[in-house]
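Here is a short report on one protein chain.

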Amino acid sequence: MILGVLYFAAFTHAVIIASALIRRTSIGAPSTILAALLGVFGYALFNRSSLLLGFFREIPHALALIPMIAVYIGPLTYGYVKRSTGAPPWSAIIWLLHLLPAAGFWISNAPFVFQPAADKIAYWEVAGQGQLTPLPFATIATFLLVKAHLTTYLVLSWRRLKGYHLRLADLRADDSQSVLAQLSVLILSLAALEAVWVVLFAMQQFFGIGALDHVNRAWLLFMAAIVLSFGYLGLRQSSFLITPEERALDTLLRQKRASIQTESKTDTDTIKYLHSALPDSAADEIAALIEETLSEKHLYLNEKLTLQQLAEAIDAKPHLLSQVINQRMQTNFYRLINGYRVSHASGLLDDPNLTWPIERIAVESGFSNRVTFNKAFKDHLGCTASHYRKGVRKKAQAS
């Protein structure tokens, strides 16, 4: 009963979040794919809660409309990740190709969908008790293939997220790295759960240890947690998207670095950008212009500042700015901007008459949240903002 209530609560949560995401974004945005993914999660939880709470007797035709939920989760997760990281929207044909296994399972399940209500209720009466006997080999093989299918998509999603997570420091000065890192952890956790499911499934089927129903219940519990986590991230970053311009710039930067590393295997750091057409004098001028523009226009106070936007303000090519920031200024775009933000924040904290809470100091300095703010503050000044403020107050009292 308790599990049934928990599953049903997670189902209603998934519906609410999916509806909110659809209302807040346009068709084709990453969050519309996330809404579909949450819808699939929600339907799986609805099915199980209906069995545990006895709803299936009143709504037998509402159950088992989406068989083999796992074959939907993989393509939707990968589609969401690819769209978020700058890939163009998939066409209907591409989506159809990715969802062919799902279509196959739906067609094979069609005869059950059109059965009389009484037959369905009788089936669910038995199925609701849990599966305790070994399954046919063909069924076991099908389950394992489905899990391999899902795991493949999850690995592809994780690799793509990891690649962009490591490179976003050259493109953005917001909390995109944190968002991608959290998504990576969720996807890796789901992949780990699939591995655990396979182990528990094999133990039950081949050694009679445990019950298959217990395995499925654990899987659904984790799915409920995923609904909450993905939903939180989706609502927090409903418009998160690496733009086509950023994607093209990232490709250009990687090509330049790869070509330089190929030409020399000695000291990569000292020869970085060595073969660029940008003279030293021009690099120094651009570096000075970057510092002047950031100081005078306070662009760093924009929590979503990107390399592209800074390049437009300076009227320079983004890849040249990246080159100068890395070569001449010996840092990356993310650390450069956060350095200005921390300096601005420390100036506010130095004012003994200013009693703003740390959260407001963070926002007023261009950070989107306190966690990112404290991490950057400690990285640049060696302590958290709270400790820094205590030190300022002690000095003021001593004087």
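Two residues are in contact when heavy atoms of theirs lie within 4.5 Å. By that rule S184 touches W158, L161 and K162, leaving aside residues up to four places away in sequence. S184 is found in helix α8, residues 176–207. Its relative accessible area is 9%, under the 20% limit, so S184 is buried.

**Overall picture**

The model is predicted. Its secondary structure comes to 18 helices and zero strands. The protein has 399 residues, and 46% of them count as buried.

**The cores**

Nonpolar side chains tend to be buried together in soluble globular proteins. Here the largest nonpolar core has 84 residues. Which of them touch the most other members? They are L45, I73 and I290. Helix α2, residues 30–53, gives the most to this core, with 12 residues. I290 touches L310, I314, L321, V324, I325, M329 and L336, not counting residues up to four places away in sequence. Another core lies apart from the largest one. This other core has 13 residues, including L354, A362, F367 and F373.

Helix α14 spans residues 318–327 and is mostly covered. Eight of its 10 residues are buried.

**Helix α17 and its partners**

Two packed helices are described by the angle between their axes and the distance between the axes. One is with α15, residues 333–350. The other is with α18, residues 385–398.

| Pair | Axes come within | Crossing angle | Residue classes in the contact |
|---|---|---|---|
| α15 and α17 | 9 Å | roughly 90° | eight nonpolar, five polar, two charged |
| α17 and α18 | 9 Å | roughly 60° | five nonpolar, two polar, one charged |

The axes of α15 and α17 cross at roughly 90°. These helices are therefore roughly perpendicular to each other. On the α15 side the contact is made by Y334, R335, N338, G339, V342, A345, S346 and L349. On the α17 side it is made by T372, F373, A376, F377, D379, H380 and L381.

The axes of α17 and α18 cross at roughly 60°. That makes α17 oblique to α18. Here α17 contributes R370, F373, N374, F377 and L381. Helix α18 contributes A385, S386 and Y388. F373, F377 and L381 of α17 take part in both contacts.

**Aromatic rings**

A pair of aromatic rings is described by the distance of the centres and the angle of the planes. The whole structure holds 14 aromatic pairs. In one of them, the rings of Y78 and W90 have their centres 6.1 Å apart and their planes at 55°, so the pair is tilted. The pair links distant parts of the chain, with its residues 12 apart. Y78 is in helix α3, and W90 is in the loop between α3 and α4. Both Y78 and W90 are buried.

W90 also pairs with W95. Their ring centres are 4.7 Å apart and their planes at 70°, so this pair is edge-to-face. W95 is buried, as is W90. Elsewhere, ring pairs link F8, F11, Y43, F46 and F55 into a cluster.

**The loop between α2 and α3**

What does I69 touch, not counting residues up to four places away in sequence? The contacts are V40, Y43 and A44. I69 lies in the loop between α2 and α3. Its relative accessibility is 11%, so I69 counts as buried. I69 and L150 are 81 residues apart in sequence, yet 10.0 Å apart in space, C-alpha to C-alpha.

Most residues other than glycine have a negative phi. A64 has a positive phi, near 60°. A64 sits in the loop between α2 and α3 and counts as buried, at 14% relative accessibility. M68 also has a positive phi, near 50°. M68 is in the loop between α2 and α3 as well. Its relative accessible area is 22%, so M68 is partly exposed.

Conventions: Residues numbered from 1 in each chain as written. Predicted model: local features only at pLDDT ≥ 70, side-chain atom pairs only at ≥ 80, totals over all residues. Heavy atoms only, no water. Axes fitted to C-alpha atoms, helices over the stretch in contact; angles between N-to-C directions. Helix = DSSP H or I, 4+ residues; strand = E, 2+ residues; numbered from the N terminus. Parallel < 35°, antiparallel > 145°, perpendicular 65-115°, else oblique. Nonpolar A, V, L, I, M, F, W, Y, C, P; charged D, E, K, R; others polar. Buried < 20%, exposed > 50% of the residue type's maximum accessible area, 1.4 Å probe, protein only. Core = buried A, V, L, I, M, F, W, Y, C linked by side-chain atoms within 4.5 Å. Phe/Tyr/Trp six-rings, centres within 6.5 Å; stacked < 30°, edge-to-face > 60°.
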